[in-house]
Amino acid sequence: MPSPEHTVIRALLARQTGWVSGGDLAKKLGVSRVAVWQYFEKLRAAGFVIETGHARGYRLVSAPPHAHATLIETQLKIRPRDFTLTVLDETDSTNDEAARQLAAGRAAPFAIVARRQTKARGRLGRPWHSPANGNLYVSFAFRPQLEPARMTPFTLWMGLNLCELIANATPLKPGLKWPNDLLFDGRKAGGLLTEARVDADQIRDLVFGLGLNLNSLAADWPDDLGQRAVSLAELTGHTLDFNRLTAAVIGRVLLAYQRFLDGDYTKTFAELWHRYDVLRGRAVTVLEGTHRHPGTVLGVDDDGALLIKNARGRTQRFRAGEVTIEKTPPA
Ligand code: BTN
């Protein structure tokens, strides 16, 4: 059941920048006009800029630039009945927080968004720079009840869905670099991190984390990241509506997860892979532990493993590894 805050925000969004009558809202909610005024004061305190007009009511001037749970929820286009969302001001890592909440028995699926993370991680334990700068840090928690082997293409499938979402929502051309990088002209704007806890032959629970650079500015990056990282705001030249885009991301991830479970994703996978893969035909070196494997990328197999052809014409298969794109073909 929607809360009064949901109803108030929905009314504001429905009128866009038009006026919402306090009297109408009071009637709809079955509360006094003073109570309605208090709801608007709470929204103002949370970062909404709302104008009050004598005899006209209330008007949304701008929504908060940071995560706001109700604003995200009211803009979700799909929402499984049992899905819940938490927005935190700060946490160590949304992946770790989701894992702790799963372990404590919170019902899945749920998502945790944090405005800032203090110990966020990427693949191979690398730090993920996560100040409060308008970027998205979100983790999804699921209990898929699948055999671990079925999950292997999961991260790639999620990455392809996120590429498709960004391509539809912006004028940008995203690319997916196996296994988990969202790239724009060779610069990274997003990373995916899937972590599962496995019982004997079943996934007990799964956390899928996404860091997506939405509104950070070039000057926000530490020196070593500035050349390699980019945000969607830098690429489009304007600030993105954080909460609207976050709602779109959450909707897409939930839908993609359902399609993954149903198993009907395989046909679309090939089509999306063809559209967004940035490695096919490229000369690369795959770093696997301390071993370097130069070769040319052929694609991925049904399990999402990377296939490369080495200089002797042999096909090699990698389930994990770090890929560097070479400027010149391997010798
Ligand atoms: C990578 O590119 O190596 C993956 C980066 C994943 C970062 C996200 S941010 C939200 C979630 N919380 C974490 O600690 N990591 C993921």
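Select Thr94: one of its polar side-chain atoms sits 3.1 Å from a nitrogen atom of the ligand. This is a predicted model, where local features need pLDDT of at least 70, side-chain atom pairs count only at pLDDT 80 or more, and totals for chains, interfaces and linings use all residues. Residues are numbered from 1 along each chain as its sequence is written, and side-chain values use heavy atoms, without hydrogens and water.

Next, Ser93. A polar side-chain atom of Ser93 lies 2.8 Å from an oxygen atom of the ligand. Now pick Arg123. Here a polar backbone atom is 2.7 Å from a ligand oxygen. The protein covers 97% of the 420 Å² of accessible area (Shrake-Rupley method, 1.4 Å probe) that the ligand has on its own.

Show the surroundings. There are 19 residues around the ligand (a heavy atom within 4 Å), and Ser93, Gln117, Arg121, Arg123 and Lys188 come nearest.

Move to Asp89. Find it in the loop between β4 (84–88) and α5 (94–103). Helices (H or I, at least four residues) and strands (E, at least two) are DSSP runs, numbered from the N terminus. Beyond neighbours within four places in sequence, Asp89 contacts (heavy atoms within 4.5 Å) Arg115 and Arg116.

Finish on α6, residues 154–169. In this helix, 13 of the 16 residues are buried (under 20% relative accessible area), so α6 is largely enclosed by the rest of the structure.

Methods: Buried < 20%, exposed > 50% of the residue type's maximum accessible area, 1.4 Å probe, protein only. Polar contact = N/O pair within 3.5 Å; in protein donor to acceptor, adjacent residues only side chain to side chain.
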